[in-house]
Amino acid sequence: AADIPCAAYRSSWNNPRIEWKFQKGSSLVLFYYGGQLTEPYKNRVRFSPTTIHFNTVTREDTGKYICEVVGDGSQIAKSEVNLIVQGAAAPEPRSLLLP
């Protein structure tokens, strides 16, 4: 599991619009947009205005997470977090055969 904070969030802003993007190399993916998590994150990520919470992470999730918050008028704030997932892949479950 992993929590990624959105340092750009301002509770004093009226009804801010929040977007999350995921950048890996030259690829940029909209992660949370228009109040919705996008695929394939929908089933394994929980959103709150200040944090996204991954139930599970894999090495594929390594990259830069960008939180953009847009308030009324021209208010805009942005924060970035680099996530690095290390370690071996989880072992496959095995059946145990008893004689």
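Start by selecting Phe31: with a relative accessible area of 0%, this residue is buried. Keep in mind as you click around that this is a predicted model.

Show both side chains and look at the rings. The centres of Phe31 and Phe54 sit 5.9 Å apart with the planes at 50°, so this pair is tilted.

Next stop: Tyr32 and Phe47. Their rings are stacked, 3.7 Å centre to centre with 10° between the planes. Here, too, distant parts of the chain are linked, since Tyr32 is in strand 3 and Phe47 is in strand 5 (residues 45-48), 15 residues apart. Buried or partly exposed: which is Tyr32, and which is Phe47? Tyr32 counts as buried at 9%, while Phe47 is partly exposed at 25%.

The structure holds six aromatic pairs.

Last, go to the cysteines. There is one disulfide here, joining Cys6 to Cys67 with 1.9 Å from S to S. Cys6 is in the loop between strand 1 (2-5) and strand 2 (17-24), and Cys67 is in strand 7 (residues 63-70), so the bond ties together parts 61 residues apart in sequence. Check the torsion about the S-S bond of Cys6 and Cys67: it is about -65°, so the disulfide is left-handed. Both Cys6 and Cys67 are buried.

Technical notes
Residues are numbered from 1 along each chain as its sequence is written. This is a predicted model: local features need pLDDT of at least 70, side-chain atom pairs count only at pLDDT 80 or more; totals for chains, interfaces and linings use all residues. Side-chain values use heavy atoms; hydrogens and water are left out. A disulfide is a pair of cysteine sulfur atoms within 2.5 Å. Helices (H or I, at least four residues) and strands (E, at least two) are DSSP runs, numbered from the N terminus. Buried means under 20% relative accessible area, exposed over 50%, partly exposed in between (1.4 Å probe, protein chains only). Rings of Phe, Tyr and Trp (its six-membered ring) pair if their centres lie within 6.5 Å; planes under 30 degrees apart count as stacked, over 60 as edge-to-face and the rest as tilted.
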